[in-house]
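Biologist: Please take me through the terms used for this model, and set each value against its definition.

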Amino acid sequence: MPLLEISGLTHRFAGLCAVSDFNLAIEPHELIGVIGPNGAGKTTVFNLITGVYRASEGSIKLNKQEIVGLTPHAITALGIARTFQNIRLFKELSVLDNVRIAHYGQIAYTPAEALLHIGRFRAEERRITNQALDLLSVFKLDDSAGEKAKNLPYGLQRRLEIARALATGPGLLLLDEPAAGMNPNEIIQMMEFIGWIRKTFSVTIILIEHQMRLVMGICERLVVLDFGATIAQGLPAEIQNNPKVMEAYLGEEVVQ
Amino acid sequence: MAKLFATYYTLLTRWHTLTGCKYFWPVFMIAGLGFCIAASTFEFLDLYLQLILIYVGINIILTVSLNLINGYMGEFSVGHAGFMAMGAYIASLLTVHVIPPSVQNLLFPLAILAGGIGAGLIGFLVAIPSFKTRGDYLAIVTLAFCMIVKSVLENIDAVGGPRGLLGMEKLTTLPWVFFWTVLSVWVIRNLVYSNFGRGVLSIREDEIASDLMSVDTRQVKIIAFVVSSFFAGIAGGLFAHALQFINPRMFDILKSTDILIMVYLGGIASIAGSIIGAVIYTILLEILRPLGVWRMMLMPLMLVLLMIYRPRGIMGMRETRLFEPLRDLVTEKLWRNKKKGAADAAP
Amino acid sequence: MSYIFQQILNALQLGSIYALIALGYTMVYGILTMINFAHGDLFMVGAFFCFLLAFYLHLSFIPTLLLSMLGVAFLGVIIERLAYKPLRNAPRVSAIITALGVGLFLENFTLALSPYPKHIPPLLQNTTWTFGALSISSLQIIVIVLSLLLMLILDFIVQHTKAGMAMRAISWDKTIVPLMGVSVDKIISLTFAIGTGLGGAAGVMYGLAYPVIDPYMGIMVGWKAFICAVVGGIGNIRGAMIGGFILGGVEIMVGAFFPSTYRDFVAFTLLLILLIVRPYGILGKPHPQKV
């Protein structure tokens with residue numbers, strides 16, 4: 001049974017068609033890559049899946065449940081989490097708090113209990129703090145638990161963002177350009193990292209990336225977008241030799 | 001010089017040990033309450049000083065509650081006086097018209113509570129526009145709300161219209177103010193260091209990311225506005241029964257501005273900062289009273305200078321260890337010990 | 001019928017004054033994303049300058065108007081340099097609180113110098129023309145016409161001069177503009193000068209129309225004009241004008257048909273409803289966030 005089924009997804013912004021007729025079916029535990037030149041609509045697809053935008057047309061089904069029209073936090077509660085192209089951590093908050101916030105949906109106490117510190121409050125807070133620290137230590141970030149997120153070096157910030165997304169307990173993880181700004185060594189590490197995440201947390205991953213080595217190295221399937229339209233879908237080896245893809249990236253004259 | 005710093009640090013450590021002790025807070029509460037009751041019954045603090053302390057307490061409640069919205073959530077609400085007005089009027093109407101004089105002292109806390117609840121309900125209404133609008137546009141909504149409350153009160157003759165309401169008994173005493181002040185500081189601090197408080201902070205930092213990280217932003221906004229306006233209402237009720245007379249003009253935009261100044265003076269997103277801001281502002285205004293009209297020129301000038309050199313306020317976004325919950329540190333310490341233990345056990 | 005016409009004139013008069021003040025707010029906001037809460041008090045200072053010039057120096061209308069505008073513009077530029085410039089990179093709220101402080105200072109300074117309300121001596125021959133039950137005073141016409149003239153001049157400056165182009169550029173992207181050889185400081189000072197000058201002009205007009213002035217008159221008017229600017233879409237000059245006329249119209253019309261104590265209540269409720277229906281103001285556009 002497919003985890004995520006997208007059919008006929010189209011989205012327009014005041015006359016401009018950002019995504020047109022996007023179709024994709026993903027099985028659990030797959031690692032899919034979405035690639036394409038800048039402005040092709042890749043992040044828009046992520047925004048549509050996670051509910052930041054409401055799709056103009058089309059349907060997105062998670063485990064057979066329609067999620068178009070749900071609020072972002074409801075979609076996150078159903079098991080989709082993401083990271084962002086330009087890191088969107090909670091900068092002034094500590095590393096620990098960044099991860100603890102992601103547990104919001106799993107908290108079992110009511111506001112009244114929080115205000116008066118009665119009932120399940122203390123136990124739940126202890127549980128979440130321990131869970132957050134466990135997660136941080138898996139990502140080797142627990143030593144900086146008290147640091148403000150904005151003080152972390154870039155690479156650790158990216159790691160924290162992924163940790164934060166995983167703290168929501170997703171079945172589907174969307175990574176938006178996780179290797180942005182990295183040198184070749186770091187890219188190799190990121191490739192191993194992503195593979196490790198998929199195994200350890202048993203998540204399905206969709207990845208937007210420009211770094212071809214990473215994409216070709218770990219993705220099982222690729223979707224290529226250009227100007228909102230899907231120009232190719234298939235195995236990495238097929239995509240690599242697809243003339244339409246080359247044209248989109250390198251321009252008509254070069255291919256000719 | 002080094003000796004001075006050394007002494008400072010020793011004192012600070014001793015202070016932290018003292019306040020970290022499990023019985024500190026209950027003892028402080030009881031001692032404080034006892035002191036206030038003694039002070040007001042035996043009057044060994046003169047009445048003028050007591051009145052100042054009462055106003056300091058009321059201002060602390062107002063500042064801490066507004067800081068929740070303006071500091072922690074990062075909004076710009078200028079309507080706080082409107083919530084205060086609701087609490088003041090509801091509490092006053094209850095004590096003047098509903099509660100018989102014989103039980104006024106007994107039922108006073110209920111009247112105050114009713115004022116707070118009324119203000120909280122209105123706060124819920126104001127929270128609704130905050131779902132879609134933010135920033136300056138929300139500021140306007142709160143501004144319009146404040147002015148509407150004032151005009152509505154001016155037009156209802158049953159509550160005295162523009163001339164206001166009088167005849168309240170002087171039910172606000174130092175012990176009551178102490179109680180409500182400590183309660184509001186405690187409750188708001190609890191909220192800030194809980195799941196919902198972290199939600200409030202995340203909305204300030206990045207609302208969209210917050211939504212995507214499972215935070216129910218609507219729920220958080222409602223909680224923040226309701227709690228904030230509830231306590232503003234409480235402060236209003238206390239205020240009305242200290243002054244024994246209220247009219248709509250007391251709760252206009254100028255009052256909101258006063259509270260705003262205390263928040264930004266003391267420091268945004270800081271409970272200690274709110275207390276400091278309220279204390280400094282109230283006391284400074286009293287000390288400078290002999291200066292007459294020059295007082296209100298000196299005050300804003302100092303505020304401007306403060307903003308230029310310390311834009312986030314005295315304790316901007318920092319907190320004293322006093323208010324940070326011990327449990328977080330304890331949990332983390334226990335976790336690290338466990339991890340160390342596991343690391344030592346497995347070679 | 002003529003009663004309505006009368007009220008329409010009153011509305012235009014009040015509306016033009018609100019529009020002039022709202023323009024000052026919107027210009028400063030457009031360029032610095034800062035709400036200058038001292039603006040209402042600068043309006044009050046304009047009215048007081050008018051009083052000083054008319055009462056002590058016995059100047060006639062045009063010199064009073066021009067000198068008051070210049071005086072307020074000058075004051076505005078000084079305030080910007082001393083109090084707002086250091087906060088250009090600070091969190092926005094700090095600048096707002098500073099503005100509040102500056103406003104408080106101006107109010108109380110004026111109060112110290114002038115504890116009692118002042119009466120501006122009549123500066124203009126006020127002839128009234130009566131058409132049946134309708135009476136039009138020349139004062140009203142002058143206020144309306146002058147205000148519209150000032151607004152047109154402003155529109156021309158912003159749309160058709162280099163300085164205006166620089167202003168618009170800065171409102172889009174402050175960091176790039178100096179790289180184009182434009183002195184951001186000078187343009188910001190110019191914007192403040194024009195914005196506050198218009199506020200000063202509004203003060204003079206207000207003083208002509210309602211001659212008794214006091215130091216606290218700027219507070220309510222200032223906040224109301226701020227609401228006008230937001231209702232029109234803050235940062236949008238045409239919007240500010242529209243917002244000003246809307247509020248003026250609503251206030252006068254409500255005052256005409258309801259008891260005067262309801263005026264503020266109905267006016268603000270209508271504005272609130274307008275904002276709920278169009279959350280970004282009439283001509284405003286939400287800044288779409290790139291996720």
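Modeller: From the N terminus on, chain C runs α-α-α-α-β-β-β-α-α-α-β-α-α-α, which gives ten helices and four strands. Helices (H or I, at least four residues) and strands (E, at least two) are DSSP runs, numbered from the N terminus. The model is predicted: local features need pLDDT of at least 70, side-chain atom pairs count only at pLDDT 80 or more, and totals for chains, interfaces and linings use all residues. Residues are numbered from 1 along each chain as its sequence is written, while chains are lettered from A and ligands numbered from 1 in the order in which they are written.

Biologist: How do you know that the radius of gyration of chain C agrees with that of a compact globule?

Modeller: The radius is taken over C-alpha atoms, and the globule rule is 2.2 Å times the number of residues to the power 0.38. For 291 residues a compact globule would be near 19 Å, and chain C has 19 Å, so the two agree. Along the principal axes, the C-alpha atoms of chain C fill a box of roughly 60 × 45 × 35 Å. For chain B, with 347 residues, the rule gives a value near 20 Å; chain B has 22 Å, which agrees. The C-alpha trace of chain B spans about 80 × 50 × 45 Å along its principal axes.

Biologist: Why are α2(C) and α7(C) called oblique to each other?

Modeller: The axes of α2 (residues 39–56) and α7 (residues 184–209) of chain C cross at roughly 55° and come within 7 Å. Axes are lines fitted to C-alpha atoms, for helices over the stretch in contact, with angles from 0 to 180 degrees between N-to-C directions. Angles under 35 degrees count as roughly parallel, over 145 as roughly antiparallel, 65 to 115 as roughly perpendicular and the rest as oblique. The angle of roughly 55° falls in the rest, so α2(C) and α7(C) are oblique.

Biologist: What makes up the contact of α2(C) with α7(C), by residue class?

Modeller: Residues are in contact if their C-beta atoms, placed from the backbone, lie within 7 Å. Among those that meet are C:F43, C:A47 and C:F51 in α2(C), and C:G200, C:V204 and C:Y206 in α7(C). The residues of this contact divide into twelve nonpolar, seven polar and no charged. Ala, Val, Leu, Ile, Met, Phe, Trp, Tyr, Cys and Pro count as nonpolar, Asp, Glu, Lys and Arg as charged, and the others, Gly among them, as polar.

Biologist: Which helices of chain B supply the side that touches chain C?

Modeller: The contact takes 35 residues from chain B and 38 residues from chain C. On the chain B side, α6 (135–155), α11 (253–266) and α13 (295–309) each supply at least two residues. The largest share, twelve residues, comes from α6(B). By class, this side of chain B has 27 nonpolar, four polar and four charged residues.

Biologist: What makes α1(A) mostly covered?

Modeller: A residue is buried if 20 or more other C-beta atoms lie within 10 Å of its own, exposed if 12 or fewer, and partly exposed in between, with C-beta atoms placed from the backbone. In α1 (residues 42–50) of chain A, nine of nine residues are buried, including A:K42, A:F46 and A:T50. Just after α1(A), A:G51 takes a positive phi of about 90°.

Key:
Two residues are in contact if their C-beta atoms, placed from the backbone, lie within 7 Å.
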